[in-house]
Amino acid sequence: MARYMGVIGCLLVVAVLLHGAIADTHVVLDNLGWIIPSSNGAYSTWATSNDFEIGDVLVFKFATGQHDVAEVTKANYDSCNSASPLLSQTNGPANVTLQTSGDHYYICTFGTHCRMGQKLAITVESSSDSPPPSNTPSAPSQPSGPSPPRGSTTPSGPSPPNSASSVTVGGLISVLLSTAIAFLF
Ligand SMILES: *[C@@H]1O[C@H](CO)[C@@H](O)[C@H](O)[C@H]1NC(C)=O
Ligand SMILES: [Cu+2]
């Protein structure tokens with residue numbers, strides 16, 4: 001048992017390291033590339049099937065002169081206004097590195113392409129790492145006033161550490177395993 005735990009632990013560490021270290025590349029709409037979509041939900045469906053993280057790269061596949069890519073505000077995404085893009089790339093294929101978390105909006109500025117649906121909205125996650133265990137409800141806190149409680153029981157923190165930590169570890173392992181599996185395939 002112990003030796004399996006060691007092997008599994010090593011695999012998980014490797015998977016986590018790789019996952020954290022290697023930026024993912026996302027080819028927009030996969031084989032179809034950056035096109036006027038034939039179905040309305042194509043880009044949103046594609047976006048929800050991808051996990052975007054800082055450092056990842058979007059690859060917009062298009063022929064130079066037939067499309068372009070502009071990152072725009074949400075308002076300009078909604079209205080297909082390409083007047084003041086935040087970023088613009090006219091040579092295809094174009095790589096866009098995701099440098100900030102939050103929502104990002106991309107449109108094609110050619111003709112009515114955007115109005116015909118060539119527009120992409122994605123949300124970049126702030127980090128791939130699980131956030132640090134934030135506020136575990138600390139020991140039932142009496143505001144430690146100036147007078148120390150007589151016969152002071154050592155404040156031993158939240159009492160049942162075993163159940164709590166095993167739940168946490170179980171959750172963590174399942175997350176890590178799915179990460180490893182996702183990474184491997
Ligand atoms: C764009 O990204 C792809 C995939 O990572 C890479 O093969 C290609 O060389 C990149 N192109 C440019 C211009 O950086
Ligand atoms: Cu276009």
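These notebook entries record what I looked up in a predicted model of one chain and its ligands.

**Entry 1. Overall layout**

I began with the secondary structure. The chain has four helices and eight strands. I read the order of the elements from the N terminus as α-β-α-β-β-β-α-β-β-β-β-α. I then turned to burial: of the 185 residues in the chain, 26% are buried.

**Entry 2. The copper ion**

Which residues coordinate the copper ion (ligand 2)? I found His67 through ND1, Cys108 through SG, His113 through ND1 and Gln118 through OE1. The donor distances run from 2.0 to 2.1 Å. Along the chain, these donors follow the spacing H-x40-C-x4-H-x4-Q.

I next looked up the geometry of the copper site. The four donor atoms subtend angles of 97 to 135 degrees at the copper ion, and the arrangement is therefore tetrahedral. The limits for that assignment are 85 and 135 degrees. For reference, I noted that the ideal angle for four tetrahedral donors is 109.5 degrees.

**Entry 3. Ligand 1**

For Asn95 I recorded a polar side-chain atom 2.4 Å from an oxygen atom of ligand 1. I then looked up how much of the ligand is covered. Ligand 1 taken alone exposes 360 Å², of which the protein buries 28%.

**Entry 4. Aromatic pairs**

I counted ring pairs among Phe, Tyr and Trp, taking ring centres within 6.5 Å as the criterion. By this rule there are five aromatic pairs. One of the pairs is formed by Trp46 and Phe52, with 5.6 Å from centre to centre and 50 degrees between the planes, and is tilted. Both Trp46 and Phe52 are buried.

Tyr77 and Tyr105 make another pair. Where do the two partners sit in the chain? Tyr77 belongs to helix 3 (residues 74–79) and Tyr105 to strand 7 (residues 102–107). The two are 28 residues apart, and the pair links distant parts of the chain. Tyr77 and Tyr105 are both buried.

I also recorded a cluster. Ring pairs link Trp34, Tyr43, Phe60 and Tyr106.

**Entry 5. His26 in strand 1**

I located His26 in strand 1. Is His26 buried or exposed? His26 has 5% relative accessibility and so counts as buried. I then looked for a polar partner. The side chain of His26 makes a polar contact of 2.9 Å with the side chain of Asn50.

**Entry 6. The loop between strand 1 and helix 2**

Asn40 lies in the loop between strand 1 (25–27) and helix 2 (42–48). At 77% relative accessibility, Asn40 counts as exposed. I also looked up the separation of Asn40 from Met116, a residue 76 positions away along the chain. Their C-alpha atoms are separated by 8.4 Å.

Leu29 is found in the loop between strand 1 and helix 2. In contrast to the exposed Asn40, Leu29 is buried, with a relative accessible area of 7%. I noted the backbone of Leu29 in particular: its phi is positive, at about 60 degrees, although Leu29 is not a glycine.

**Entry 7. Further backbone details**

I kept a general point in mind for this entry: most residues other than glycine have a negative phi, and most peptide bonds are trans.

Cys80 also has a positive phi, of about 55 degrees, and is not a glycine. I placed Cys80 in the loop between helix 3 and strand 5. With a relative accessibility of 15%, Cys80 counts as buried.

Which form does the peptide bond from Gly92 to Pro93 take, cis or trans? I found the bond to be cis, with omega near -10 degrees. Pro93 is found in the loop between strand 5 (87–89) and strand 6 (94–97).

Technical notes: Residues numbered from 1 in each chain as written. Chains lettered and ligands numbered in written order. Predicted model: local features only at pLDDT ≥ 70, side-chain atom pairs only at ≥ 80, totals over all residues. Heavy atoms only, no water. Polar contact = N/O pair within 3.5 Å; in protein donor to acceptor, adjacent residues only side chain to side chain. Areas by Shrake-Rupley, 256 points an atom, 1.4 Å probe, with all protein chains shown as cover. Donors = N, O, S within 2.8 Å, 3.2 Å for Na, K, Ca; no water. Tetrahedral: all angles 85-135°; square planar, octahedral: opposite > 155°, others 65-115°. Phe/Tyr/Trp six-rings, centres within 6.5 Å; stacked < 30°, edge-to-face > 60°. Buried < 20%, exposed > 50% of the residue type's maximum accessible area, 1.4 Å probe, protein only.
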